[in-house]
Amino acid sequence: MAARVAVHRAARPEGWRTVEGQDVVGALGAVEPGVTVLLDSLGTWVSELLWRDEGTADAIRESAREFARAAAAREGLTVVVAEEAGWGPVPPHALTRVWLDVLGDAVQAVSAVADRAVLVVAGREVELP
């Protein structure tokens, strides 16, 4: 996994900052204005919060809305990678279903304030209206 992460990091443009961890809102606020920020990925962040029991589904949804507002208000580009997890079968495990629902709400919160939303399918970009 470390090797996979290293490959992804090496492919990013120089000067980009990556926000990670449980407090993505705080991490975003710590980045200098004008610097491009990457959150990779929204699903991993939601998963970590749920796995560590760092809040209820509603609290995580509110954190996602807070992140979206902070990203929209900051000076500089914020790039958010999010899994499109809702196209598969409904998972049998309750926690996975919660993750799916919370992730969907988080993606909607971020895309609602985004200047641009792109769906990548088979390596091709599909611009969303």
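Tutor: Let's start with a word we'll need: a contact means heavy atoms within 4.5 Å. Also, this is a predicted model, where local features need pLDDT of at least 70 and side-chain atom pairs count only at pLDDT 80 or more, while totals for chains, interfaces and linings use all residues. Residues are numbered from 1 along each chain as its sequence is written, and side-chain values use heavy atoms, with hydrogens and water left out.

Student: What makes up the secondary structure of the protein chain?
Tutor: Five helices and five strands. Helices (H or I, at least four residues) and strands (E, at least two) are DSSP runs, numbered from the N terminus. Along the sequence the pattern reads α-β-α-β-α-α-β-α-β-β.

Student: How do you know how compact the protein chain is?
Tutor: We compare two numbers. The radius of gyration is taken over C-alpha atoms, and the globule rule is 2.2 Å times the number of residues to the power 0.38. For 129 residues the rule gives 14 Å and the chain has 15 Å, which is close, so the chain is as compact as a globular protein of that length. Its C-alpha atoms fill a box of roughly 40 × 35 × 30 Å along the principal axes.

Student: Why is Thr36 called buried?
Tutor: Buried means under 20% relative accessible area, exposed over 50%, and partly exposed in between (1.4 Å probe, protein chains only). Thr36 has 16% relative accessibility, so Thr36 counts as buried. Of the 129 residues in the chain, 27% get that label.

Student: Where is Thr36, and what does Thr36 touch?
Tutor: Thr36 lies in the loop between α2 (24-29) and β2 (37-40). Leaving out residues up to four places away in sequence, Thr36 touches Gly15, Trp16, Arg17, Leu77 and Val79. Gly15 is 21 residues from Thr36 along the chain, with their C-alpha atoms 7.3 Å apart.

Student: What makes the buried residues of α3 belong to one side?
Tutor: In helix α3 (residues 42-51) they are Leu42, Gly43, Trp45, Val46, Leu49 and Leu50. They cover an arc of only 160° around the axis, so they sit on the same side of α3. That arc is the one made by the directions from the helix axis to the C-beta atoms. The buried residues of α3 pack against α2, β2, α4 (57-73), β3 (78-81) and α5 (94-113).

Student: Is Ala122 buried or exposed, and how do you know?
Tutor: Ala122 has 78% relative accessibility, so Ala122 counts as exposed. Ala122 is in the loop between β4 (117-121) and β5 (124-128).

Student: What phi does Ala122 have?
Tutor: A positive phi of about 55°, although Ala122 is not a glycine. Most residues other than glycine have a negative phi, and most peptide bonds are trans.

Student: Which residues does a cis peptide bond join?
Tutor: Asp40 and Ser41, with omega about 20°. Ser41 is in the loop between β2 and α3.
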